[in-house]
Amino acid sequence: QLLGNQDHIKVELEKLKKTHDEKQQKLEERVLALGKELQEAKAALGDSRHRLAEQSAVLLTSQGQLREVEAENSRLQLRLKELNEEYRSRLAQYIRDVANYMDSKPSSVPGHSKAPAGQAAMKNFVDSMLRDIQASYKSREEQLARAARGYKKRMKDLAKKHENLLIAYGLQREQIRSLGSSAMDCGPAELHLSVTDPELLTNSSRELRRLREEKAKLEMQLQELQKGLDLISGHDPNELFCPRQLDEEGWAELRKKLREFTLSTQEDLEQERSQLLTRAVVAEEQVLELQGYIDQHLAR
């Protein structure tokens, strides 16, 4: 029977071979198409990286140019202020010279000679006008100075509130980490949310920032140790519970010490900052009193 079915078997084998060849050809075509798409994707990725590098270079150049333009703008503003002062002083001197010249001219009206008391009429008028102008300038400068002081005070108050919020955020983070698992996401560290403007940073803020940097480094080291302990405990199933239990106890102890250190340091720094703020307020009041004394008495 097998010998009689050889022709049928050959036909079936030919069909299977033909189907296999068709599928193999389709597969090769698909592989070629995927290879082509991969090459196109690599080329597009290379172009994107090239454009990204160009844009990064342009961004760095633009940032450098922006800093240069800001510095040039500051220099030009200072120069403009100096030129305004020089122009005001020259203009006042020219007006005084014109007034002196007008007062020194003889009277053009016949039969009338200027009395000595009336020879300085123009000069008195000009002096009065210049005094009014100087008073208006001084009033405007004082108004701008008060506005600047108020703006700085508001910025300092906002920085202080932000610092208090950061302290509360740090305490809440520590509480969440002490109550929950070590793998729980407690949000970014306080260091990433702190103020970086040098004008708003006080000595206590700088010290707190330094401590936060050290705390972030310690947290990273603790996370690495946690990962290492997890790997070590995962290799031995018979001792799986004991290392994890010891690890949790060690974590709790480390978090407790870190929280005590943070609280004690923050308390000391808060006291120091309150003292410095008190001294700053007293110093500002003294400066205002001295400025008022200078404006009132030394002008004479």
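I began with helix H1 (residues 6–104), whose 99 residues reach 141 Å from the first C-alpha to the last, close to the 147 Å expected at 1.5 Å a residue; the expected span is 1.5 Å times one less than the number of residues. Helices here are DSSP runs of H or I with at least four residues, strands are runs of E with at least two, and both are numbered from the N terminus.

I noted that this is a predicted model, in which local features need pLDDT of at least 70, side-chain atom pairs count only at pLDDT 80 or more, and totals for chains, interfaces and linings use all residues. Residues are numbered from 1 along each chain as its sequence is written, and side-chain values use heavy atoms, with hydrogens and water left out.

Next I looked up burial (under 20% relative accessible area, 1.4 Å probe, protein chains only): in H1, Gly64, Ala92, Ala99 and Asp103 are buried, and the buried residues of H1 pack against helix H2 (121–179). Of the 300 residues of the protein chain, 13% count as buried.

For the fold, I found four helices and zero strands, in the order α-α-α-α along the sequence.

Last, I checked pLDDT, the predictor's confidence in each residue from 0 to 100: the mean for the protein chain is 77, and 78% of its residues reach 70 or more. Confidence is highest in H1, at a mean of 87, and lowest in helix H3 (residues 203–235), at 70. Over residues 235–246 pLDDT stays under 50, and the model has five contacts (heavy atoms within 4.5 Å) there beyond four places in sequence. Where pLDDT is low, the predicted coordinates should not be read in detail.

Note on methods. Buried means under 20% relative accessible area, exposed over 50%, partly exposed in between (1.4 Å probe, protein chains only).
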